[in-house]
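Me: Could you walk me through this one slowly? I am still learning how to read a structure.
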Amino acid sequence: MSEYINNREYRQNVIKEILKELHEGKSVEEVKQKFDDAFNGVSATEISEAEGALIAQGLPVEEVQKLCDVHAAVFKGSIAEIHQPVDATEIPGHPANILKRENRTIERIIGKKITPHLDGLQKREDVKLLEEGLKELEKIELHYLKKEILFFPFMERYGITAPPKVMWGVDDEIRDQLKEIKRELPSASNDIKGFREKVEALILKINEMIFKEENILLPMLLETLTQDEWKQIRDDSSEIGYLVKNVPVWNPITSKEEKGLKEENTEKEEKAESGIITFPTGVLKVEELIGMLDTLPFDITFVDKDDTVKYFSQGEERIFPRTKSVIGRKVSNCHPPASVHIVEKIVEDLRTGVKDHEDFWINMTGRLIYIRYFAVRSETGEYLGVLEVTQDIKPIQEITGEKRLVSE
């Protein structure tokens with residue numbers, strides 16, 4: 001049997017069988033024995049490949065997502081430790097270290113500011129303190145955003161697509177549960193038992209996600225990403241923010257190959273910056289064009305005809321966070337699994353000419369955000385891509401009367 005246990009394909013097939021059996025209704029205990037009989041350990045990468053194979057065979061991402069908490073419990077304690085020459089999670093300022101520090105912060109918020117007050121929901125003071133704890137827990141959004149728009153793009157580039165989709169779906173479930181609990185808190189005393197069960201379910205899901213991040217996500221990333229890619233994640237993290245304070249500067253030591261590539265890219269950038277771009281209606285230096293686009297009172301993002309993000313402007317006050325890691329990412333991967341079908345339908349309508357633009361508007365933190373998608377076409381009508389334009393139009397709505405150019 002040992003010759004088969006060491007066979008990678010066999011191990012993947014067993015994982016897939018276990019996931020399918022769970023899906024068909026078998027209990028954790030029933031499949032765990034099968035798992036224990038077949039494996040002494042399994043790498044996070046193999047779990048990823050097994051999930052990807054299931055999805056490729058037609059199992060919806062949502063179904064894998066439903067199994068996520070269950071199979072995490074099965075795999076817990078059996079995921080082989082992936083050794084690194086240096087444990088990056090212990091290097092101050094390294095994104096892997098920040099991820100773990102933020103998880104400890106999340107655990108402290110839950111342990112000190114939420115759980116202790118669940119027994120006193122009939123007391124006004126406990127309800128108030130629980131409200132403050134839930135408000136602090138909302139900062140988990142920064143943690144999940146960094147994962148979704150910094151880590152996931154690199155995983156996708158290396159062909160690791162299943163875990164990001166599943167994790168993003170669970171992240172959204174956590175977000176929705178947290179919002180629901182905050183809404184119901186004022187009336188929690190009417191159904192203390194039911195409310196407490198909802199909070200405990202949320203805590204369980206958050207703790208399971210912490211386990212997955214540290215035992216599945218991080219090992220994959222540490223096994224795959226280069227130092228230069230980790231540095232880009234570090235540089236872009238400040239665009240989003242942190243759950244922890246006093247984040248030290250981390251300067252990685254890159255390999256000769258990575259340094260050479262970086263120097264080559266820097267040289268190309270310098271040449272581009274000194275270049276001239278000729279348009280049908282004028283001539284601009286690259287720095288002039290960049291300055292103009294970044295000065296526009298709205299954000300723009302361009303997705304090419306192959307549905308790949310090619311460019312975004314960098315104004316001082318962005319509506320939605322954007323980082324350089326999004327460049328080269330498929331637009332469908334830039335959105336939560338629950339809304340991907342909507343995005344794909346918009347792009348397809350613009351591509352085929354069913355529509356030339358599509359508009360949306362949402363209320364967000366006191367602002368009215370106007371989001372517009374335009375089909376970009378050549379002079380001959382060839383589809384070139386989609387331009388997204390995002391603007392806070394509330395100040396425009398508040399304009400009254402008139403102000404002429406010559407007015408004082």
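Reply: We can start with a helix, and for that we need one definition: the expected span of a helix is 1.5 Å times one less than its number of residues. Please keep in mind throughout that this is a predicted model.

Me: OK, so what span should helix 14 have, and how far apart are its end C-alpha atoms?
Reply: Helix 14 covers residues 340-352, and because these 13 residues are counted at 1.5 Å a residue, the helix should span 18 Å, which agrees with the 18 Å between its end C-alpha atoms.

Me: Which residues of helix 14 are buried?
Reply: The buried residues in helix 14 are V340, V343, I346, V347, D349 and L350. As background, an α-helix has 3.6 residues a turn, so residues three or four places apart point the same way.

Me: And what covers those buried residues?
Reply: The cover includes strand 5 (357-364), strand 6 (367-377) and strand 7 (383-392).

Me: Switching to strands, how do strand 3 and strand 4 pair?
Reply: Strand 3 (residues 299-304) and strand 4 (residues 309-312) pair in the antiparallel sense, over three bridges, and T301 stands opposite F312 in strand 4.

Me: What is in the hairpin between them?
Reply: Four residues lie between the two strands of the hairpin, and in this hairpin D307 takes a positive phi near 65°.

Me: What does K330 touch?
Reply: Leaving out residues up to four places away in sequence, K330 touches D306, D307 and T308. K330 has its place in the loop between strand 4 and helix 14, and its C-alpha atom is separated by 9.6 Å from that of K310, 20 residues apart along the chain.

Me: New topic, what volume does the largest pocket have?
Reply: The largest pocket has a volume of about 1,800 Å³. Its lining has 48 residues, and the closest to the centre of the pocket are L145, F320, P336, I362 and M364.

Me: Which helix gives the most to that lining?
Reply: Helix 9 gives the most to the lining of the largest pocket, with seven residues. By class, the lining of this pocket has 28 nonpolar, seven polar and 13 charged residues.

Me: How many cavities of 30 Å³ or more does the structure hold?
Reply: The structure holds two cavities of 30 Å³ or more, and about 100 Å³ of space lies in the largest cavity.

Me: Which residues line the largest cavity?
Reply: Among them are G93, H143, R234 and Y242, and the lining of the largest cavity divides into six nonpolar, three polar and three charged residues. Helix 6 (95-113) gives the most to this lining, with four residues.

Technical notes
Residues numbered from 1 in each chain as written. Predicted model: local features only at pLDDT ≥ 70, side-chain atom pairs only at ≥ 80, totals over all residues. Heavy atoms only, no water. Pairing = 2+ DSSP bridges. Buried < 20%, exposed > 50% of the residue type's maximum accessible area, 1.4 Å probe, protein only. Contact = heavy atoms within 4.5 Å. 1 Å grid on protein atoms, 1.4 Å probe; cavity = no way out; pocket = protein on both sides within 12 Å on 5 of 7 lines; lining within 4 Å. Points joined across faces, edges and corners; volume = space filled by probe spheres on them. Nonpolar A, V, L, I, M, F, W, Y, C, P; charged D, E, K, R; others polar.
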